[in-house]
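Have the sequence and the 3D view open side by side for this one.

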Amino acid sequence: MSGGAQVPGIKAVLFDFGGVLAQLRAEAHLLPLVKDRMTREEMWTRWSYSPAVRAHETGQVSAQEFSEQVVAEFGMEVSPAQFLAGFREWIVGPFAETPEL
């Protein structure tokens, strides 16, 4: 494997694992969608072990498939399109310390 292939204009590839570099507003979006069916802790446990979430995070499903699966899996009373629109708004921005990294 050679370590030298370069793509013009790309200086780095950066992966953010679960809110490490970017601040998220996931909870504010998710909690109302699961309403009184689960606690905050239950919601995050289910999210962490969700097959739909894993498939999305590993690129195995499209955004549309992900939203359909999450809505069904969590029993949400919104359409997949509504969930996806909210999901796309989760990223608030980088943490203050991120540029230093």
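Start with Phe66: setting aside residues up to four places away in sequence, Phe66 touches Trp47, Ala52, Val53, His56, Val61, Phe83 and Phe87, where contact means heavy atoms within 4.5 Å. Before going further, a word on what you're looking at: this is a predicted model, in which local features need pLDDT of at least 70, side-chain atom pairs count only at pLDDT 80 or more, and totals for chains, interfaces and linings use all residues. Residues are numbered from 1 along each chain as its sequence is written, and side-chain values use heavy atoms, with hydrogens and water left out.

Buried means under 20% relative accessible area, exposed means over 50%, and partly exposed is in between (1.4 Å probe, protein chains only).

Now zoom out to the chain. It has 5 helices and 2 strands, and from the N terminus they run β-α-α-α-α-α-β. Both kinds of element are DSSP runs numbered from the N terminus: helices are H or I with at least four residues, strands E with at least two. Of the 101 residues, 28% count as buried. Among contacts with a separation of 6 or more, 52% join residues 24 or more positions apart. The chain exposes about 7,300 Å², with carbon and sulfur atoms supplying 57% of that (Shrake-Rupley method, 1.4 Å probe; for residues, only the protein chains shown count as cover).

How do H4 and H5 meet? Their axes come within 8 Å and cross at roughly 110 degrees, so H4 and H5 are roughly perpendicular to each other. Axes are lines fitted to C-alpha atoms, for helices over the stretch in contact, and angles run from 0 to 180 degrees between N-to-C directions; under 35 degrees counts as roughly parallel, over 145 as roughly antiparallel, 65 to 115 as roughly perpendicular and the rest as oblique. H4 brings Ala63, Gln64, Phe66, Ser67, Glu68, Val70 and Val71 to the contact, and H5 brings Pro80, Phe83, Leu84 and Phe87.

H1 and H2 pack at about 105 degrees with their axes 11 Å apart, so this pair is roughly perpendicular too. The residues involved are Ala26, Glu27, Leu30, Leu31 and Val34 of H1 and Arg40, Met43, Trp44 and Trp47 of H2.

The loops deserve a look as well. Lys35 lies between H1 and H2 and has a positive phi of about 45 degrees although it is not a glycine. Most residues other than glycine have a negative phi. Lys35 counts as partly exposed because its relative accessibility is 46%. Ser50, in the loop between H2 and H3, counts as buried because its relative accessibility is 0%. Leaving aside neighbours within four places in sequence, Ser50 is in contact with Glu73 and Phe74.

Finally, Ala22 lies in strand E1 (residues 22-24). The C-alpha atoms of Ala22 and Ala96 are separated by 9.1 Å, although the two are 74 residues apart along the chain.
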